[in-house]
Amino acid sequence: MIDWDEIRKYRHVTDPSPTTWPAGVKAISRQGVSLLGIHESTGELYWGGQQVVTARRLANFEQRLALAVTIATVVMAVIEIGRAANWITH
């Protein structure tokens with residue numbers, strides 16, 4: 001039988017992390033790998049019973065660019081609809 005408390009106690013390696021890693025990030029020990037799990041129906045990744053969530057957000061510049069493109073597209077659509085309406089009525 002698996003002793004989950006023992007695995008959780010030694011989930012990280014005791015050696016220091018590489019200096020190139022962000023502060024507070026620790027390597028997972030061999031025992032700690034046992035804490036990884038996959039939800040059977042969704043395929044979501046879990047570690048220690050908690051869902052591993054990764055989110056990618058657009059940078060501020062990318063958000064502004066997407067907004068500008070959206071506004072330009074709507075304006076062009078309105079212009080084209082206006083042109084089509086004038087063409088049909090004449």
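Analyst: Arg8 and Asp5 share helix α1, which covers residues 4-9, and stand 3 residues apart, about one turn of the helix. Helices here are DSSP runs of H or I with at least four residues, strands are runs of E with at least two, and both are numbered from the N terminus. This is a predicted model, in which local features need pLDDT of at least 70 and side-chain atom pairs count only at pLDDT 80 or more, while totals for chains, interfaces and linings use all residues. Residues are numbered from 1 along each chain as its sequence is written, and side-chain values use heavy atoms, with hydrogens and water left out.

The side chains of Arg8 and Asp5 meet in a salt bridge at 3.9 Å, N to O. The term stands for a side-chain nitrogen of Lys or Arg within 4 Å of a carboxyl oxygen of Asp or Glu. In general, side chains of opposite charge can pair when their charged atoms come close. Arg8 is partly exposed, at a relative accessible area of 37%, whereas Asp5 is exposed, at 58%. Buried means under 20% relative accessible area, exposed means over 50%, and partly exposed lies in between, with a 1.4 Å probe and protein chains only.

Helix α1 also holds Lys9 and Glu6, again 3 residues apart, about one turn of the helix. Their side chains form a salt bridge of 3.5 Å, N to O. Lys9 is exposed, with a relative accessible area of 55%, and Glu6 is partly exposed at 34%.

Helix α2, residues 60-89, contains Arg83 and Glu80, which are 3 residues apart, about one turn of the helix. In the salt bridge between Arg83 and Glu80, the closest N and O atoms are 3.2 Å apart. Arg83 counts as exposed at 55% relative accessibility, while Glu80 counts as partly exposed at 39%. The structure holds 3 salt bridges.

As for the setting, the chain has 2 helices and 3 strands, in the sequence pattern α-β-β-β-α. Its radius of gyration, taken over C-alpha atoms, is 26 Å, well over the 12 Å of the globule rule for 90 residues (2.2 Å times the number of residues to the power 0.38), so the chain is more spread out than a compact globule. Its C-alpha trace spans about 80 × 35 × 15 Å along the principal axes. Of the 90 residues, 4% count as buried.
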